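Have a look at the structure first.

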Amino acid sequence: MSVHLRPVLGGLKAYKPGRSPADIARELGLDAAVKLASNESAYGPLPSVLDVIAAAAAGINRYPDMAATELTTALAKHCAVSTDQVAIGCGSVGLYQQLLAAVVGPGDEVLYAWRSFEVYPILVGLSGATAVPVPLRDATHDLETMAAAVHDRTRMIFVCNPNNPTGTAVHAADLERFLDAVPDDVLVIIDEAYREFVTDPDVPDGLELAAGRDNVAVLRTMSKAYGLAGLRVGYCVSAPPVIEALRKVQLPFTVSTVAQAAAVASLAAGDELLERVRATVAERSRVADALRGLGVDVPATEANFVWLSLGSDAVPFATSCEQRGLIVRPFDGDGVRVTVGAPEENDRFLSVAADLLGPPPG
Ligand SMILES: Cc1ncc(COP(=O)(O)O)c(C=O)c1O
């Protein structure tokens, strides 16, 4: 007899220790490998935040503030909402888990576009709810088909805007029409992990959409533009009843003292953030244009990554990149997602891509 494990676990991948970028570099005899696989910031935390992190470390013999009072207050100010409209969590992914725990159970359905962020199906599966993936159309959310898929068992919908891994973003008029079509008792999560990189004025600010709708929750993170992926801070802005439910299901102390202090300091460093975002956005255009020049289909991206629609060439391309010390993220049979890194990292990627993909056709 073995221990009874939940059947749903059978379908899930377990995270196991694997080869790090340093291991890959060592195997290849390189000083370092370039990791462009997780949409992290290439630049570290914002410059003024490092000292705050060091100072906060001196206090980690104490438990963190469970209510994250200072951070919640700072986020409420940042988002122009009240503190009862903000919940923080251990990254956006921690908040997904809280949202699912607060809203769904077995028999309920959770809708999302596919392909989208790979964590959605994992956590929906763990929650016991049924996942309803709706295929992307032209690499972007097919909001009409998603609205048509909503029915009486639908409890939650994820809209990833911009979408990971394609980088595409839905426009305000389309998203508003979609939200108007969704019943008020279905919670719509607008996942804006890449919001800071959005430059297209037609892409809506989720906070504005949430302001008039009690069934919308906006998720943002300090992991991407703010460069705090390793510290794990995400936040949710929604109506007070949703926020209260999120706080009830939060594991105690999931956002550390250091993470809270770093997030508060990062929010106060708006100019430093802007500079970083501008640099990333400029590099994003350069990388996307260069890839298109090689004949690759790269959809317009509003995030800090580009999507190469390589179909069945996705895995061979990523494997060849890795053999040259470049770690990118393939999705088998579909495409490859490449994070926009620092200029020299992007140069290295573009030179490998040119080598592998050859001159443009014709
Ligand atoms: C769409 C999306 N949401 C959330 C996350 C994860 O954010 P966090 O680090 O806050 O858990 C990612 C990370 O890749 C993402 O792509």
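## Around the ligand

There are 13 residues around the ligand, and Gly91, Asn164, Ala193, Thr221 and Ser223 come nearest; a residue is near a molecule or strand here if its C-beta atom, placed from the backbone, lies within 6 Å of it. Before going on, note that this is a predicted model: local features need pLDDT of at least 70, side-chain atom pairs count only at pLDDT 80 or more, and totals for chains, interfaces and linings use all residues. Residues are numbered from 1 along each chain as its sequence is written.

Which helix gives the largest share of the shell around the ligand? That's α4 (residues 91-103), with three residues. Helices (H or I, at least four residues) and strands (E, at least two) are DSSP runs, numbered from the N terminus. Sorted by class, the shell has five nonpolar, seven polar and one charged residues. For that sorting, Ala, Val, Leu, Ile, Met, Phe, Trp, Tyr, Cys and Pro count as nonpolar, Asp, Glu, Lys and Arg as charged, and the others, Gly among them, as polar.

## Two domains

The protein splits into domain 1 (7-45 + 271-357) and domain 2 (59-267), with bounds from an automatic or database domain assignment. Their centres, taken over C-alpha atoms, sit 24 Å apart. Domain 1 puts 27 residues into the contact, and domain 2 puts in 27 residues too; two residues are in contact if their C-beta atoms, placed from the backbone, lie within 7 Å.

On the side of domain 1 that touches domain 2, α11 (270-293) and β9 (305-308) each supply at least two residues. The largest share of that side, five residues, comes from α11. Overall, this side of domain 1 is made up of 14 nonpolar, eight polar and five charged residues.

## Helices against helices

Axes are lines fitted to C-alpha atoms, for helices over the stretch in contact, and angles run from 0 to 180 degrees between N-to-C directions.

| Pair | Angle | Axis separation |
|---|---|---|
| α2 (residues 50-57) and α10 (residues 257-267) | about 150 degrees | 9 Å |
| α4 and α5 (residues 119-127) | about 35 degrees | 10 Å |
| α3 (residues 69-79) and α10 | about 25 degrees | 9 Å |

Start with α2 and α10, packed at an angle of about 150 degrees. That angle makes α2 roughly antiparallel to α10 (angles under 35 degrees count as roughly parallel, over 145 as roughly antiparallel, 65 to 115 as roughly perpendicular and the rest as oblique). The crossing of α2 and α10 is right-handed; a crossing is left-handed if the near helix is turned anticlockwise from the far one by less than a right angle, and right-handed if clockwise. From α2, Val52, Ile53, Ala56 and Ala57 meet Thr257, Val258, Ala261, Ala262 and Ala265 of α10. Those contact residues come out as eight nonpolar, one polar and no charged.

Glu70, Leu71, Ala74, Leu75 and His78 in α3 face Gln260, Ala263, Val264 and Leu267 in α10. That contact has six nonpolar, two polar and one charged residues.

The crossing of α4 and α5 is right-handed. Val93, Tyr96, Gln97 and Leu100 of α4 make the contact with Val119, Leu123, Val124 and Ser127 of α5. By class, that is six nonpolar, two polar and no charged residues.

Where is Pro162 placed? Pro162 is in the loop between β5 (154-160) and α7 (172-181), and a cis peptide bond joins Asn161 and Pro162, with omega about -5 degrees. Pro165 is also in the loop between β5 and α7. The peptide bond from Asn164 to Pro165 is cis, with omega near 15 degrees, and Asn164 is one of the residues that come nearest the ligand.

Finally, Ala80 has a positive phi of about 55 degrees although it is not a glycine. You'll find Ala80 in the loop between α3 and β2 (86-89).
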